[in-house]
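Please open the model in your viewer and keep the sequence beside it. The tour goes from stop to stop, saying what to select next and what is there.

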Amino acid sequence: HQVRPLRLLIPVVLYHGNAAWTYQPLSGYLGLVPEALSRFVPEFEYLLVNLSALPEDRLLRFRNAFLGLSAFLIKHS
């Protein structure tokens, strides 16, 4: 049994709403978390992609056509 190396995962948030979204840590969205539970709140950075701000033609020119079309559909859902 060969052990595979771990893969790096980069969390990405796709936003497609009308209101502005300002980047903040995940704990900022949860409000006040009791200290006894705070160790269960993940603290990591994520990439915020505001689909509302990206023009449709740019989405459809993504190198990966499936990803571009998916982003386009999410933006207009």
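Predicted model: local features only at pLDDT ≥ 70, side-chain atom pairs only at ≥ 80, totals over all residues.

Residues are numbered from 1 along each chain as its sequence is written, and side-chain values use heavy atoms, with hydrogens and water left out.

**The largest pocket**

Select Val12, Leu14, Val49, Leu51, Leu54, Arg58, Phe62, Leu67, Ser70, Ala71 and Ile74, which together line the largest pocket. A pocket is found on a 1 Å grid over the protein atoms alone, as an open set of points where a 1.4 Å probe fits, with protein on both sides within 12 Å along at least five of seven lines, and its lining residues have an atom within 4 Å of a point. The volume of this pocket is about 190 Å³, a volume being the space filled by probe spheres set on the points, which are joined across faces, edges and corners.

Which elements give two or more residues to the lining of the largest pocket? They are β1 and α3 (65–75), and α3 gives the most, with four residues. Helices (H or I, at least four residues) and strands (E, at least two) are DSSP runs, numbered from the N terminus. By kind, the lining divides into nine nonpolar residues, one polar and one charged; here Ala, Val, Leu, Ile, Met, Phe, Trp, Tyr, Cys and Pro count as nonpolar, Asp, Glu, Lys and Arg as charged, and the others, Gly among them, as polar.

**The two salt bridges**

The structure holds two salt bridges, each defined as a side-chain nitrogen of Lys or Arg within 4 Å of a carboxyl oxygen of Asp or Glu. Select Lys75 and Glu56, whose side chains meet in one of them at 3.6 Å, N to O. Because Lys75 lies in helix α3 and Glu56 in helix α2 (residues 56–60), the pair ties together parts that are 19 residues apart in sequence. Is Lys75 buried or exposed? Lys75 is buried, with a relative accessible area of 15%, whereas Glu56 is partly exposed at 31%; buried means under 20% relative accessible area, exposed over 50%, and partly exposed in between (1.4 Å probe, protein chains only).

Next select Arg61 and Asp57, whose side chains meet in a salt bridge at 4.0 Å, N to O. Arg61 is exposed, with a relative accessible area of 60%, while Asp57 counts as partly exposed at 47%.

**A nonpolar patch**

Now show the surface and select Leu8, Ile10, Val12, Leu14 and Leu47, which form a nonpolar patch with about 520 Å² of accessible area together. Such a patch joins nonpolar side chains (Val, Leu, Ile, Met, Phe, Trp, Tyr) within 5 Å, taking residues with over 30% relative accessible area and no salt bridge. Ile10, in the segment before β1 (12–15), is exposed, with a relative accessible area of 56%.

Select Phe44 in the loop between α1 (26–30) and β2 (47–50), where Phe44 is partly exposed at 38% relative accessible area. Phe44 and Pro11 are 33 residues apart in sequence and 8.7 Å apart in space, C-alpha to C-alpha.

End at Leu69 in helix α3, which is partly exposed at 43% relative accessible area, and whose C-alpha atom is separated by 9.5 Å from that of Glu56, 13 residues apart along the chain.

Key: Patch = residues over 30% accessible without salt bridge, like charges linked within 9 Å, V, L, I, M, F, W, Y side chains within 5 Å. Areas by Shrake-Rupley, 256 points an atom, 1.4 Å probe, with all protein chains shown as cover.
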